Amino acid sequence: MPGTPGDARQLRSGGSLNGHVRVPGDKSISHRALLFGAIAEGKTTIEGLLPAEDPISTAACLRAMGAEISAVADGQIITVEGVGLDGLQEPSEVLDCGNSGTTMRLMLGLLAGRDGRHFVLSGDDSLKRRPMQRVGQPLSMMGAEVRGRGQGNFAPLAVQGRKLRGAVVGTPVASAQVKSALLLAALTADGTSTVIEPAHSRDHSERMLKAFGADLDVGGEMGRHITIRPGARLHGQHVVVPGDISSAAFWLVAGALVPGADLTVENVGLNPTRTGVLEVLAQMGARIEVLNQHDVAGEPVGDLRVTHGSLKPFRFGEEIMPRLVDEVPILSVAACFCDGESRITGAAELRVKETDRLAVMARQLKAMGADIEEHPDGLTIRGGRPLKGAQLDSETDHRVAMSLAVAALMAKGDSTLVGSEAAAVSYPTFWTDLERLQR
C-alpha cells in the first residue's frame, strides 16, 4: 500500500556527487551463503553479508529449523553452524519469509526433500501476492508436494517433505530462484538431476555449491544445463560477499547523469550473469572504468568509477533481461535524460516483483513530467523533457525508492518521497550515503 504524507522524506535537487562508496553485500549471494552454510557440515563464516531485511528473514527461517546462526549485524562476520544435508528439523511455527521472494522460493526447494517433515511458509501481504507455482510446478516433477492458495500459487504454502526422485527438469522461465530451488532439492534426491534453463540466469548457486563440495557440472549452450549428482557432503566454507551490482547501479546511473559527478563504487561483484546493466550503460555512452579487478571465492570483483557525460537512448529486450531484471527501474530513470526514445521490452517479470515495477515507475515518473508509455512487457520513454520536483511514493518497493531518489536529484525543484524506508530491504545505508556524496 502507498505510504502517507506524514512520513515523507525531503529530496533535494541539484548539487553534484563526488567520492567513494561501498555498497552493501550482494543480496543473492548473502541468501545462498546462509542456506548452504546451514546444510553443510561444520562452520561457515560469512564476511560482508548484507545486513538487510531479506537475508535476516532467511536466517530466521533457518534458525527455526535448528541451524545456529549468529546475529546479522553490519560489519560483523556471521557464523553458521551447519546441521548437514538432512539435519533441518520440523519447525513448531510457520516460517516467516517477510518480504523476501528469494527466501520463500529457495526454501521450497530446500524443504521439499525433507522426507516425513511438514513445513508452512508465509510472509507479508506483498509476498502473499507473488507467484510461487513457477517453483512448485517444476519441483512436482521430482515428486515434491507443495500446496497453497490459488492451486499452490500463493502463500501461505504447505510443504510435505517427500523422498524426491532425480529428474531432467526444464524451467518455465530463466530464473535463478527457480533454478536454485531445483538444485537444492536435487542434493538429496534419489538419482541424478539436470536443470535446463531457457536462457542463462545468474549462476551464484552453481559457483557456491561447487565451492561447498557439491557434485555438480555446468554444460550445454552458455551453461544452461546444470547436472547435480546426490550423495556428496557439503562442508563449511569462508565466504566473502562482494558488493551488490544491483545496489551499485543507482550510483552508476546517478554519476553518469549528475553534472560534475565523479564517483567510485568499491568492491562490486562483476559476475557476467549480473552485468547487463554495464552493457546497457556502455550502449548509452556512459563513462565507466573498471578498476582493481580480482577474484574472491570464485566471484569476479572490481571497483567501478563513473563520471558525468551525455547519454544516448537505448533499447533492450528479453535476451538480456536475466542479467539486469533488477536494474530496469533505475535504467528507466536514466532514459528520461537521454535525448531520444528508449525502449524496454521482455520485462513482464517486473509485474510480479515487490510491486508491479513497470506500472509504479511509469506512474511516479509521469508525476515528475516524464513522457513515458507503459506496455504489457515494458516501457517506452521519450527523454529530453525536464523533470520537475513532485510528491513521490515508493509504493513500498526498495528499488523504486532509490530510483526515484536519483530522478529527484536531476529534477527542477525539490521532491518529497513517501515510503523511503523501503530502501532498507536491500540497502540500509542508502540515504546516509546519498547525503555524504551529495555536495
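Trainee: Which residue in E19 stands opposite arginine 315?
Mentor: Arginine 343 stands opposite arginine 315. This is a predicted model, in which local features need pLDDT of at least 70 and side-chain atom pairs count only at pLDDT 80 or more, while totals for chains, interfaces and linings use all residues. Residues are numbered from 1 along each chain as its sequence is written, and side-chain values use heavy atoms, leaving out hydrogens and water.

Trainee: What joins E18 to strand E19?
Mentor: Two bridges join E18 to E19 (residues 341-344), and the two strands run parallel. Strands pair if DSSP finds at least two bridges between them, so E18 and E19 count as paired. A strand is a DSSP run of type E with at least two residues, and a helix is a run of H or I with at least four, both numbered from the N terminus.

Trainee: What makes E18 an edge strand?
Mentor: The open sheet has four strands in the order E18-E19-E21-E20, with mixed pairing. E18 and strand E20 (371-375) each pair on one side only, and they are the edge strands.

Trainee: Why does arginine 399 count as buried?
Mentor: Buried means under 20% relative accessible area, exposed means over 50%, and partly exposed is in between, using a 1.4 Å probe and protein chains only. Arginine 399 has 3% relative accessibility, so it counts as buried. This arginine lies in helix H12 (residues 398-410).

Trainee: Which residues does arginine 399 touch?
Mentor: Not counting residues up to four places away in sequence, arginine 399 touches Lys27, Ser246, Phe250, Asp326, Pro329, Arg357 and Ser426. Contact means heavy atoms within 4.5 Å.

Trainee: Which residues are buried in helix H9?
Mentor: In H9 (residues 276-284) the buried residues are Gly276, Val277, Leu278, Val280, Leu281 and Met284. They pack against helices H8 (245-257) and H10 (328-335), and against strands E16 (287-296), E17 (299-307) and E18 (315-316). Glycine 285 follows H9 and has a positive phi, near 85°.

Trainee: How do you know that the chain agrees with a compact globule?
Mentor: The rule for a globule is 2.2 Å times the number of residues to the power 0.38, and the radius of gyration is taken over C-alpha atoms. For 439 residues a compact globule would have a radius near 22 Å; the chain has 21 Å, so the two agree. The C-alpha atoms fill a box of roughly 60 × 45 × 45 Å along the principal axes.

Trainee: How many residues of the chain count as buried?
Mentor: The share is 59% of the 439 residues. The chain holds 13 helices and 23 strands.
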